[in-house]
Amino acid sequence: MKKKVLVTRAVFDETLAYLSQHFDVTSNQADDKHSPSELAARLQGMEAALISSTDRVDDSLLARCPGLKAVCSFSVGYNHIDVAACTRHGVMATHTPGVLTDSVADFAVCLTLATCRRLTESEAMLRRGEWKGTHLKELLGMDLHHATVGICGFGRIGQVIARRLRGFEPRILYCTRHRLAPDIEREQHVAFAAKDELLRQSDIVILILPYSRETHHYIGAWELGLMKRSAVLINVARGGVVDDTALIEALKARRIWAAGLEVYENEPTFNPGLLGLSNVVLSPHIASASEPTRQAMAMTSARNCVAALTTGDPPNLLNPEVLKQQA
Ligand code: DGY
């Protein structure tokens, strides 16, 4: 008898076809978001689940799903998974690093340019029929070329953003927990700066660091106060990395010049105060949403699932300790 696998959100036909070669698959092609108790109910009898970043996996869910052996997220971020709890329950947890790096980096540059050059505000004016022709002093923006750009979080994606930006001939500062070796900094044309210094010096600050207890409200009122009044803040990291209420106050007071936000506290809801602001560009968590990248994310997650339930050693395992427990 085939093992049972749940796919919690809509995926591609190719993903389902591949999974069905190995498992008895129950999928949610209607794409309804499950509440924690619905998710627990659907997981009964399942040995693994392909999950999205909208599904919370924690102690209380795992305690209700004793037969579960693997949760395979189709996301690189995994703050929705309590990895330590998975380990305690003997559940393998996997994610999809690598396959979305380029698309997210592309999007970070896109959101930066859109924010600096007031693209959505300009388009809205045009759509309202209020464009009266070109005026010298209208809709003036900030330049990305030759700017000082500070990148907070300098893992895989942060480094590719820096590479993409090079064509704009910026000065790039970065801050991260693990500073790069001096020869790599030279090769990548970047300079390390402590967080406060980076915030003080940067014209544009791009956030691409994982969300955790340590990075909760990494940018709040105090940090916004360190930034230049002409600064642009871009959040392509995770909701919660920025204190959205403090950001709204800073944008209203023109304490910083503008922000581009791709992620929000409490997604998919967000602080309605953002909607009334003209100096913010908003996107609905789509940085990885190119057709080939989303296909690759789903397939990577499916391959992780197949490996987890066959060899027991999936490639993108977040908690290798779980294997030692089983040995
Ligand atoms: C990721 O993969 O972490 C993206 O943010 C999509 O959730």
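**A close look at one side chain**

Guide: E265 touches H216, H217, G239, G240, V242, D243, D244, T245 and F270, leaving aside residues up to four places away in sequence. Contact here means heavy atoms within 4.5 Å. This is a predicted model, in which local features need pLDDT of at least 70 and side-chain atom pairs count only at pLDDT 80 or more, while totals for chains, interfaces and linings use all residues. Residues are numbered from 1 along each chain as its sequence is written, and side-chain values use heavy atoms, with hydrogens and water left out.

E265 sits in the loop between β11 and β12. Helices (H or I, at least four residues) and strands (E, at least two) are DSSP runs, numbered from the N terminus. E265 is buried but has no salt bridge. Its nearest side chain of opposite charge is R238, 13 Å away. For that count, Lys and Arg are positive, Asp and Glu negative, and His and the chain ends are not counted. Buried means under 20% relative accessible area, exposed over 50%, and partly exposed in between (1.4 Å probe, protein chains only). A salt bridge needs a side-chain nitrogen of Lys or Arg within 4 Å of a carboxyl oxygen of Asp or Glu.

What does the E265 side chain meet instead? It makes a polar contact with the side chain of H217, at 2.6 Å. A polar contact is a pair of N or O atoms within 3.5 Å; within protein, one must be able to donate a hydrogen and the other to accept it, and residues adjacent in sequence count only if both atoms are side-chain atoms.

N266 counts as exposed, at 62% relative accessibility. The peptide bond from E267 to P268 is cis, with omega near 5°. P268 belongs to the loop between β11 (258-261) and β12 (280-282). Most residues other than glycine have a negative phi, and most peptide bonds are trans.

R118 is another non-glycine residue with a positive phi, about 55°. It is found in the loop between α5 and α6 (119-127). R118 is partly exposed, with a relative accessible area of 21%.

E265 lacks a salt bridge, but a search of the whole structure finds 14. Take R164 and D106: their side chains meet in a salt bridge, 2.7 Å from N to O. This pair links distant parts of the chain, with R164 in helix α7 and D106 in helix α5, 58 residues apart. R164 is partly exposed at 28%, and D106 is partly exposed at 40%. D102, D106 and R164 are linked in a network of salt bridges.

R88 pairs with D59, the closest N and O atoms being 2.7 Å apart. R88 is in helix α4 (residues 83-88) and D59 in helix α3 (residues 59-63), 29 residues apart. R88 counts as exposed, at 54%, while D59 is partly exposed, at 34%. R56 forms a salt bridge with D58, with 3.9 Å between the closest N and O atoms.

The largest nonpolar core has 34 residues, of which V149, I151, I161, L165, I204, I206 and V236 touch the most other members. Elements giving two or more residues to this core include α5 (101-116), α7 (156-165) and β7 (171-175). The largest share, 8 residues, comes from α5. Such a core is a set of buried Ala, Val, Leu, Ile, Met, Phe, Trp, Tyr and Cys residues joined through side-chain atoms within 4.5 Å. L165 touches V109, L144, V149, I151, P170, I172 and I206, not counting residues up to four places away in sequence. A second, separate core of 31 residues includes L198, L199, I219 and L274.

Last, the rings. The whole structure holds 3 aromatic pairs. Y174 and F192 form an edge-to-face pair, 5.4 Å centre to centre with 75° between the planes. Y174 lies in strand β7 and F192 in strand β8 (residues 190-192), so the pair ties together parts 18 residues apart in sequence. Rings of Phe, Tyr and Trp (its six-membered ring) pair if their centres lie within 6.5 Å; planes under 30 degrees apart count as stacked, over 60 as edge-to-face and the rest as tilted. Y174 is buried, at 0%. F192 is partly exposed, at 31%. F154, Y174 and F192 form one aromatic cluster.
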